[in-house]
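Here are my notes on this model, written as numbered points. Have the sequence and the 3D view open as you go through them.

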Amino acid sequence: MVTPAATQSFNRFSNLWTVAQWNSSITESVNQGYAHKALLLFRQMKQNGLEPNNLTFPSVAKACSKLLNLKYSQIVHTHVVKSRFQADLFVQTSVVDMYVKCSQLGFAYNLFSRMPQRDVASWNSMILGFAQLGFVDRVVSLFCEMGIEGIRADSVTVIGLTHSALSLKDLKMLESIHSFGIKIGIDTDVSVSNTWIAAYAKCGEFGLAETVFDGIDKGLKTAVSWNSMIAGYAHFEQCSKAVGFFKKMLRGGFRADLSTILSLLSSCVQPEVLFHGKLIHAHGIQVGCDSDIQVINTLISMYSKCGDIGSARYLFDNMLGKTRVSWTAMIAGYAEKGDLDEATTLFSAMEAVGEKPDLVTIIALMSGCGQTGALELGKWIDTYATANGLKDNLMVCNALIDVYAKCGSMDNARELFYTMPEKSLVSWTTLIAGCALNGEFKEALGLFFQMVELGLKPNHITFLAVLQACNHAGFLEKGWECFNLMTKVYKINPGLDHYSCMADLLGRKGRLKEAFEFIQNMPLKPDVGIWSVLLSACKIHQNVVIGECVAYHLFELEPQTAVPYVQMANIYASAGKWDRVAAIRTMMKCNKAIKSPGKSLVQVNGKTHEFTVEDRCHPEGLLIYETLENLALQMKE
């Protein structure tokens, strides 16, 4: 605690300080993270009658940047204008950078454009500012102007350009920037290499990312280099690759930091990697970052996504200082699990403690409505979003269209879509997918071609929705037309889901040989899903020969899954091959294949009830089954 006597002593001695001493104290405060203290020192310096110089203003501007405070920034700028250093290049660049950091690109560019002299640092401030906010055209334009003025680009320029390419996920642009960086000789700068690693990894180009990583001298690799690779794998939820790279990192003598733990945890999103998630949690405790709020929030999300909702809730209940992110992560966990009762209870508790839900919270809750068909809750969220000013957000509207479509209320989905003042590609894709889901196939195709005519470029998700519409409707020619449009016109590489749709469509039409050859000629390795749709088609059309080939692949991929055994047994039974039916059943027992029971969700008065086959455990089971028997008798009559 600072005593009045100590303050008086400081003020007495500070009157004797020179400008250089004030500058030293201000700079030290900023560098140690005490931005407010730096601004107070600046004010005291002025009150003592001393005039700041060209070394004072950059430090004070940096303090404003750290606080992201526009009001303070404008006050400092006013002091600069009144001083004799307003035309100083170093001072002007620091003010431009201050406005950029406060996301005030308009103010920054106005000042930048009036600067009589500009060096590479001035240009870099503007390039980084526009790059971070995604204004790629402005970045490219500034870069060209910079070259015309004879300013040589440096490592910071290339980092800014790389951020722009990453925001577009433009691999060709990224490769061009990489070549440019090599040409001007900054490829040996580890900060540039780390930026390229992160950019290539987040574009899914792990081969190129590893090439850059391996090209860094062993003695120059930093924790950031390793974290960039791990974060890239985590971005694509490739847990085993992320953990594998982490093990190499430890063997290389590097320690995990907060960034490492967060990336590793975010890569664990499936129940089968829960064990990895627990090990990473334990390692986080070892390195001492388990009490960090970001780590706890990520842990809640990780445990929820991996199916261990109990551990997620334990962490949530025992954490101090819950944030909006904490509440949202826990609500999302229950919503993804389909437990909307607990999700809505938490939503109400969140409001009760004064933590206001935001659009992420609302969207998390809505995801559960679509899964469980909870239309009434979806309508309530719609009303809540309108009352709280969240429905102006495009993401919220798109999520509501998705909820209405998945709950079978296409009239509500259409009404919302056509009243939206602004529609994105996601809006169109969501409605197209909704039409496909609800059997309105011609409307789905009509919307797709209308969207294309308006100049919107469909993506792989849009094409998946359209192919699903063609598949369910049996429109084989339209299906091929859309598939060729995707591959030949829009140059989109099909994923397994797209190939699966086409294989299913061919199978439904009885063209089993063509479907089998289509799968075999795919550039991707077929998965369980694509073989399963063909086996279903073989069952419908009672094709034993192709069915046997397909079943062989499924038995290899998932020997303990019961469905392909049952389907193949049915195919043999339809052909009267009872000895083979018995052989399949024996194989099923030997491989310990497990058949998961089907379940139904019924919502009554906002509460969800779950029933499995032959389930007699419900507390009101007697009344329920008595009512069902009465209904069955009435149907017979």
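1. Cysteines first. A disulfide here is a pair of cysteine sulfur atoms within 2.5 Å. With that cut-off, the structure holds 0 disulfides. Before going further, two housekeeping remarks. The model is predicted, so local features need pLDDT of at least 70 and side-chain atom pairs count only at pLDDT 80 or more, while totals for chains, interfaces and linings use all residues. Residues are numbered from 1 along each chain as its sequence is written, and side-chain values use heavy atoms, with hydrogens and water left out.

2. For the wording: buried means under 20% relative accessible area, exposed means over 50%, and partly exposed is in between (1.4 Å probe, protein chains only).

3. Cysteine 549 counts as partly exposed, at 34% relative accessibility.

4. On to the rings. The structure holds 31 aromatic pairs. Rings of Phe, Tyr and Trp (its six-membered ring) pair if their centres lie within 6.5 Å; planes under 30 degrees apart count as stacked, over 60 as edge-to-face, and the rest as tilted. Phenylalanine 112 and tryptophan 123 make an edge-to-face pair, with 5.0 Å between centres and 85 degrees between the planes. This pair links distant parts of the chain, 11 residues apart: phenylalanine 112 is in helix α7 (residues 105–114) and tryptophan 123 in helix α8 (residues 120–132). Helices (H or I, at least four residues) and strands (E, at least two) are DSSP runs, numbered from the N terminus. Phenylalanine 112 is buried at 1% relative accessibility, and tryptophan 123 is buried at 0%.

5. One cluster is formed by Phe206, Phe213, Trp226, Tyr233, Phe236, Phe245 and Phe254.

6. Two lysines sit over rings. A charge sits over a ring if NZ of Lys or CZ of Arg is within 6 Å of the ring centre and within 35 degrees of the ring normal. Lysine 322 lies over the face of phenylalanine 316, 5.0 Å from the ring centre. Lysine 423 lies over the face of phenylalanine 417, 5.3 Å from the ring centre.

7. Now the charges. Side chains of opposite charge can pair when their charged atoms come close. A salt bridge is counted when a side-chain nitrogen of Lys or Arg is within 4 Å of a carboxyl oxygen of Asp or Glu, and the structure holds 15 salt bridges. One of them joins aspartate 317 to arginine 313, with the closest N and O atoms 3.0 Å apart. Both residues lie in helix α19 (residues 309–318), 4 residues apart, about one turn of the helix. Aspartate 317 is partly exposed, at 45% relative accessibility.

8. Which parts of the chain does the salt bridge between arginine 414 and glutamate 440 tie together? The two side chains meet at 2.2 Å, N to O. Arginine 414 is in helix α25 (residues 410–419) and glutamate 440 is in the loop between α26 (425–437) and α27 (441–453), so the pair ties together parts 26 residues apart in sequence. Arginine 414 is buried, at 17%, whereas glutamate 440 is partly exposed, at 25%. Asp411, Arg414, Glu440 and Glu443 are linked in a network of salt bridges.

9. Another salt bridge pairs glutamate 514 with arginine 511, the closest N and O atoms being 2.9 Å apart. Glutamate 514 is partly exposed at 30% relative accessibility, and arginine 511 is partly exposed at 37%.

10. Last, two packing spots. Threonine 162 lies in helix α10 (residues 155–168) and is buried, at 1% relative accessibility. Contact means heavy atoms within 4.5 Å; leaving aside neighbours within four places in sequence, threonine 162 is in contact with Leu174, Ile177, Thr195, Trp196 and Ala199. Methionine 173, in helix α11 (residues 171–183), counts as buried at 19% relative accessibility. Beyond its neighbours within four places in sequence, methionine 173 is in contact with Val136, Val140, Leu161, Ser164, Ala165 and Leu168.
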